[in-house]
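Today I open my notebook and look up a few places in a protein model. Follow along with me in the viewer.

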Amino acid sequence: MKLNRYILLPCLLAILGIGINWSCSTSNANSIPDVVDYNFHIRPILSDRCFKCHGPDANTREADLRLDTAEGAYAALKEQPNAHAIVAGNPQLSEVYQRIITSDSTLRMPPPESNLDLTEHEIHLIKKWIEQGAEYKPHWSFIKPEKPELPQADKDWVNNEIDYFTYAKMKENGLSPNEEATKEALLKRVYLDIIGLPPTLEAQEVFLKDESKDAYEKVVDELLANKHYGERMALPWLDVARYADSHGYQDDGLRTMWPWRDWTIHAFNSNYSYDKFLTWQLAGDLIDKPTKESKLATGFNRNHKITQEGGVIDEEYRIEYVTDRVNTFGKSFLALTFECAHCHDHKYDPISQKEYYSSFAFFNQVPEKGLVGDISLASLADPPKMEISNEDVASIFNFINKKDTTKLEVMVMKDSANWIRPTYLLERGNYDAHGEEVPFGLPKSILEYDTSKYAKNRLGLAQWLIDEENPLTSRVFVNRIWEQIFGTGIVKSTGDFGMQGDLPSHPELLDWLAVDFRENGWDIKRLVKQLVMSSTYRQSSVIEKKHLQKDPQNVFLARSKRERVAAEFVKDIVLSSSGLLNPEIGGPSVKTYQPDGIWEGATSGRGVLAKYVQDHGEDLYRRGMYVFIKRTVPPPSMLIFDASNRDQCEVQRSTTNTPLQALAMLNDPTVLEASRVMAEQYVDKKKKNKLENAFRSIICRKPSTKELDLLEGYYEEELAFFEKNPTKAQSLLNVGEYKKNIEVNTAEKAALMHCIQLIYNMEEAITKV
């Protein structure tokens, strides 16, 4: 009997649903197109195999040959004046083509020892491209987006403009749209995507009974107006902004940046336009008539790590802080790897080291020190900073959840008055190796920084970003929101729109959305509604044989995508479905259940964060985004589910499937406590009703007859066991701090708790279907 009980749970989980991780690739990748395009066919090959030695970086360029520009590729070779790397229209006279097909290993390119050999398909592409004229183009993401005409599509299927593009791509690849998802699946999906919480039983019943044509749209509008929308939208931005509750580095002392997090939630709930959202965070202190709110927004650029270790070199760490801001700026707003030009010219993208430090100049004007004081002084907010008083909270900051009368200070941005700090190119990136002085500027390959049009400060930088000629800003943000909703960006490499990044799967759609977003006032809620109202979004995630054969990765969007929710939402689903969730918005971070000794085992022993002191009461049941993040020891339950450690800007989390995740769902105190609390709520109901209600609360659909039979059988077995072992039932029910209902039959409650724990451990419980 004992052996069977331990075997039964994983066996039932297998029966009730396990996700499938398909890792095949598309099958039509080797066909040679009629017209070979530089951006979509040739540039990826050259970037991967050639640019390291023949690209933008002059320091590593060999034979003085550039293949990343037409001028360099067409020019006479330095050592062979009568020869040219590429002769448009003639592969036989093109040294590049001759070198890649030669059998002489001493002449072959790329060199055999590089292990970068080209495939036959790639060689044929290059040959045909040269035959067709070897036309170079600017990198696709550096070309200003234009709004294309809508392609042909089935008018009976499309719901908005998005569907025209996806339908055309499906047909081009021999696919057809999936049928629409069931109402239950669609409701769960849109709830998780817009507010990050599952629908309640009541919400499920209302939607299932609503037969009106606009039933779904009514739900979407209600969710966009829900106060939890701002929390769901803010969470990915906290990764981008590297928000944490400690300073980082060895001592990793406490900081108070949570009011900036409250502002971020408020900004999304208030539907601040993206141009305002961007401008205030970059330069809220420099706008015309700045307010305390706009200055608070600039905390975005003070979320980086700060040292409190005595003995460090002040200027070295000040440079580290500015470097972090530059790298974050490049990745968050432009999706470019600026950091690769910190020590030398970028090896793949047209970003020179000089341009990197010209960008550096914008963030180099803050009157700050690398070390304000060591951990013994316990600075919660290094200058420049602002104080938020109780009077401020009662008036302009009514969205800040300040819970006491203690002094509250937050780090913000502020430039030096009446003085511009000179900025130098730092040789090899060393803080004290000053090279030439550089002006304010940005990479010319993106958009010229015209100082007669833009000011030489962070406000000018923000204006440059939102200029309609800037090819990246709207594309990058639209792609990021697309990834949040659909699981994968139109450009899969969300943080890299450069040469080494992925090509867009639907380039015309990306451009249409980018231009439409800008033309309609950078309206974020409108964009989210566009995406979730599309027929593309509303498709079933059921995988059929045709999908596996033609598009296993769902690049062409002929179905929806099953994916596990973010780490913080795993906790939110558990708390919300059980009724434990504290719906409070904002405020200081909380310290919830955590294994003993984790902080103590990785601390310098100094500062208030040397020991972990758990919170109690309602704070234990706050949403996952409010869990305290200590940079050197992030919350283990979050890391297990791939949460960011917030060490630096992160625009795209990894997704893993590991045994630790299953063990966490089986043993995490929050899951066990939620199972107990839900069991207490339902234990007095009829067996079938309580199991069905628990299933629907967690999985958000009605169980099948087979599933219900399995649960009923498991319940009966557990009930019999706990009736014979009342002490084990009592021990099981002692989990968690939430008040216990001692009047309830212990054996029945323990049996039901195990059934609910089983449901929580179904793959579908924490998966968007």
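**Entry 1: two helices.** I started with helix α19 (residues 473–486) and helix α20 (residues 507–519), in what is a predicted model. Two packed helices are described by the angle between their axes and the distance between the axes. Here I noted that the axes come within 9 Å and cross at roughly 110°. Angles of 65 to 115 degrees count as roughly perpendicular, so α19 is roughly perpendicular to α20.

Which residues in α19 meet α20? On the α19 side I listed Ser474, Arg475, Phe477, Val478, Asn479 and Trp482. Their partners in α20 are Leu509, Leu510, Asp511, Leu513, Ala514, Phe517 and Arg518. Sorted by class, the residues of this contact of α19 with α20 are 8 nonpolar, 2 polar and 3 charged.

**Entry 2: the loop between them.** Next I looked at His506, which sits in the loop between α19 and α20. Is His506 buried or exposed? I wrote down buried, because its relative accessibility is 2% and the cut-off for buried is under 20%. Then I asked what His506 is in contact with, leaving aside neighbours within four places in sequence. My list has Phe165, Thr166 and Lys169, then Ile490, and finally Val555, Phe556 and Leu557.

**Entry 3: a pocket.** Rolling a probe the size of a water molecule over the atoms shows where empty space is left. I turned to the second largest pocket, which holds about 690 Å³ of space. How many residues line the second largest pocket? I noted 32, and those nearest its centre are His54, Ala63, Leu65, Arg99 and Met109. The elements giving two or more residues to this lining are α2 (38–49), α3 (51–54) and α5 (95–101). Of these, α5 gives the most, with 4 residues. By class, I have the lining of the second largest pocket down as 18 nonpolar, 4 polar and 10 charged residues.

**Entry 4: a cysteine.** My last stop was Cys50, in the loop between α2 and α3. I marked Cys50 as buried, because its relative accessible area is 16%, and buried means under 20%. Not counting residues up to four places away in sequence, Cys50 touches Ile45, Gly55 and Leu67. I also looked up how Cys50 and Cys340 are placed: they are 290 residues apart in sequence. In space, their C-alpha atoms are 17 Å apart.

How values were computed. Residues are numbered from 1 along each chain as its sequence is written. This is a predicted model: local features need pLDDT of at least 70, side-chain atom pairs count only at pLDDT 80 or more; totals for chains, interfaces and linings use all residues. Side-chain values use heavy atoms; hydrogens and water are left out. Axes are lines fitted to C-alpha atoms, for helices over the stretch in contact, and angles run from 0 to 180 degrees between N-to-C directions. Angles under 35 degrees count as roughly parallel, over 145 as roughly antiparallel, 65 to 115 as roughly perpendicular and the rest as oblique. Contact means heavy atoms within 4.5 Å. Ala, Val, Leu, Ile, Met, Phe, Trp, Tyr, Cys and Pro count as nonpolar, Asp, Glu, Lys and Arg as charged, and the others, Gly among them, as polar. On a 1 Å grid over the protein atoms alone, a cavity is a set of points where a 1.4 Å probe fits but cannot get out, and a pocket is an open set with protein on both sides within 12 Å along at least five of seven lines; lining residues have an atom within 4 Å of a point. Grid points are joined across faces, edges and corners, and a volume is the space filled by probe spheres set on the points. Buried means under 20% relative accessible area, exposed over 50%, partly exposed in between (1.4 Å probe, protein chains only).
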